[in-house]
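Please keep the model open while reading this note. The points go from the contact between two chains to the single chain and then to pairs of side chains.

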Amino acid sequence: MLDVVIRLAIIVAAFLVLPLLVGQTEHKVMAHMQSRLGPMYAGGFHGWAQLIADGVKFVQKEDIIPAAADRTIFKIAPAVALVPYLVVLIVIPVGDGLVGVDLDAGLFFVLAVMGVGVLGAIMAGWASANKYSVLGGMRAAAQLMSYELPLVLAASSVAMAAGTLSLSGILDEWQWWWLPWQALGGVVFFVAGLAELRRPPFDMPIADSEIIMGPMTEYAGIRFALFMLAEYAGIVVLGALTAVLFLGGWHGPLLPGPVWTLIKIGVLAFVVIWVRVSYPRMREDQLQRLAWVGLVPLALLQLALTGVVKVVMA
Amino acid sequence: MARIPGAGLAKGLAVTLRHMLRRSVTQQYPQAKPELPPRSRGVIALVEENCTSCMLCARECPDWCIYIDSHKETLPAPEGGRPRQRNVLDRFAIDFSLCMYCGICIEACPFDALFWSPEFEYADGDIRNLLHEKDQLGVWAATVPPPPPHDPGAPPPKELAAAATPAREPRAGRDVRAIRPPGSLKREDPS
């Protein structure tokens with residue numbers, strides 16, 4: 001019992017700290033990539049407390065709900081966007097045996113729950129009673145439809161290679177040569193995951209310059225902050241999943257397992273930020289095209305490659 | 001050579017990475033004073049001793065933002081001379097809420113009494129406080145930097161060039177004496 005409590009406490013702490021770390025990194029990395037300094041004042045040393053200050057500001061703001069909004073749905077949408085990522089963290093193994101709950105169908109569970117996160121955006125878009133929000137919500141739905149397929153296909157390739165759906169089981173089977181073998185699937189998984197998080201360059205549903213933050217248009221104060229937190233928690237979860245499935249999770253030389261997992265998550269989070277700074281937003285039709293013409297065939301190719309190697313090896 | 005697919009994407013990533021590793025150009029202004037270029041136009045300074053209250057600057061100013069009051073003072077006659085009059089500057093004020101920083105007053109001043117100063121931190125919460133009198137303008141005169149050295153390779157300044165031109169030699173075969181001031185020739189007596 002105590003063991004479970006400790007594990008859950010650690011997971012909640014990680015869920016609260018890691019997204020803030022990613023957010024602060026995004027502030028600084030993005031600033032320096034644009035030849036700026038980023039936050040420099042909050043907290044004294046290079047603005048380390050900027051996101052805490054942001055959080056305090058968000059809490060103080062008025063909680064506005066539009067008159068025409070569907071109040072109940074409007075209120076629970078941020079939670080629907082945020083909580084799935086917390087739930088996903090429970091089954092992600094950080095080290096050998098260091099996992100909240102080792103589910104047999106862990107991979108299946110993770111993919112299913114991550115899909116729920118997108119539901120939050122659709123609910124928010126619909127409940128806001130704002131045409132831009134509805135547009136954003138519909139785009140989010142379209143994006144979920146098209147990118148869930150390559151995501152699942154790429155993930156299933158790893159499950160096929162390991163012969164199990166348990167995330168810890170996959171890592172137990174993992175060998176270093178899986179890196180090149182599953183590389184294509186890894187790229188597809190990461191890109192599709194990026195699209196599900198609606199991060200640039202796949203941020204058409206949010207598109208602040210044309211549909212003014214899409215589903216989040218009408219949100220203010222702490223609810224808006226929860227959406228932002230969900231975005232960063234999503235980056236952490238995507239990084240963790242990619243690390244576990246394709247980069248070997250806790251496997252690595254010299255350093256202890258959990259450190260390796262955190263390093264891999266950190267590097268992937270950096271790549272997410274890096275891609276955001278480097279590329280312009282894709283048009284809606286380009287987005288759909290990339291999913292159906294680009295990623296789905298690549299994921300199928302990876303699946304075929306995995307099958308062939310599996311059969312040859314057996 | 002065939003184009004490598006994704007080369008453009010990699011190039012984009014390389015550009016941002018290079019910028020991240022480079023020092024950012026931001027100057028932390030309130031902590032670090034900015035390095036201003038020479039002849040920066042911050043504020044107009046007045047050297048009061050040089051001003052003759054000739055009003056040229058006030059009349060040239062497109063915004064009419066220079067206010068000058070003066071009175072005439074008669075100096076006591078020196079030995080064997082006559083009393084001289086001179087202008088005494090009573091008030092010289094520039095309203096920087098009207099000024100458009102064109103610098104025409106500085107160009108117009110024939111006596112080198114007005115200068116550009118790089119001082120720029122005189123913003124104020126009340127627009128009426130932007131009317132600065134001659135004492136404040138005189139304080140700013142102390143912040144005027146010496147002019148930067150002449151650019152190497154640039155043509156010499158026209159004042160120096162004019163001073164260095166040698167006087168023309170009289171043309172050969174021409175009688176200089178033929179040029180006389182009018183009326184210097186004696187009229188021949190008609191009688």
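1. Across the interface of chain B and chain A, the rule finds six residue pairs in polar contact, with both residues at pLDDT 80 or more. A polar contact is a pair of N or O atoms within 3.5 Å; within protein, one must be able to donate a hydrogen and the other to accept it, and residues adjacent in sequence count only if both atoms are side-chain atoms. By class, the side of chain B that touches chain A has seven nonpolar, seven polar and no charged residues. Here Ala, Val, Leu, Ile, Met, Phe, Trp, Tyr, Cys and Pro are nonpolar, Asp, Glu, Lys and Arg are charged, and the others, Gly among them, are polar.

2. A word on the basis. This is a predicted model in which local features need pLDDT of at least 70 and side-chain atom pairs count only at pLDDT 80 or more, while totals for chains, interfaces and linings use all residues. Residues are numbered from 1 along each chain as its sequence is written, chains are lettered from A and ligands numbered from 1 in the order in which they are written, and side-chain values use heavy atoms, with hydrogens and water left out.

3. How many salt bridges does the rule find across the interface of chain B and chain A? The count there is zero, where a salt bridge is a side-chain nitrogen of Lys or Arg within 4 Å of a carboxyl oxygen of Asp or Glu. The contact (heavy atoms within 4.5 Å) takes 14 residues from chain B and 14 residues from chain A.

4. Chain B and chain A bury about 1,200 Å² between them, and 63% of this is on carbon and sulfur atoms. Buried area is the accessible area (1.4 Å probe) that two parts lose on being put together, summed over both. In chain B, L13(B), T16(B) and M20(B) lose the most area to chain A, together 40% of what that side buries.

5. Chain B has five helices and five strands, in the order α-β-α-β-β-α-β-β-α-α from the N terminus on. Helices (H or I, at least four residues) and strands (E, at least two) are DSSP runs, numbered from the N terminus. Of the 191 residues in chain B, 20% are buried; buried means under 20% relative accessible area, exposed over 50%, and partly exposed in between (1.4 Å probe, protein chains only).

6. The whole structure has 14 salt bridges over all chains. One of them joins the side chains of E210(A) and R139(A) (3.8 Å, N to O). E210(A) lies in helix 9 (residues 208–211) of chain A and R139(A) in helix 5 (residues 131–162) of chain A, so the pair ties together parts that are 71 residues apart in sequence. E210(A) is partly exposed at 40% relative accessibility, whereas R139(A) is buried at 17%.

7. In chain B, the side chains of K33(B) and E121(B) form a salt bridge (3.0 Å, N to O). K33(B) is in the loop between helix 1 (7–21) and strand 1 (43–46), and E121(B) is in the loop between strand 4 (114–117) and strand 5 (131–132), 88 residues apart. K33(B) is exposed, with a relative accessible area of 56%, and E121(B) is partly exposed at 40%.
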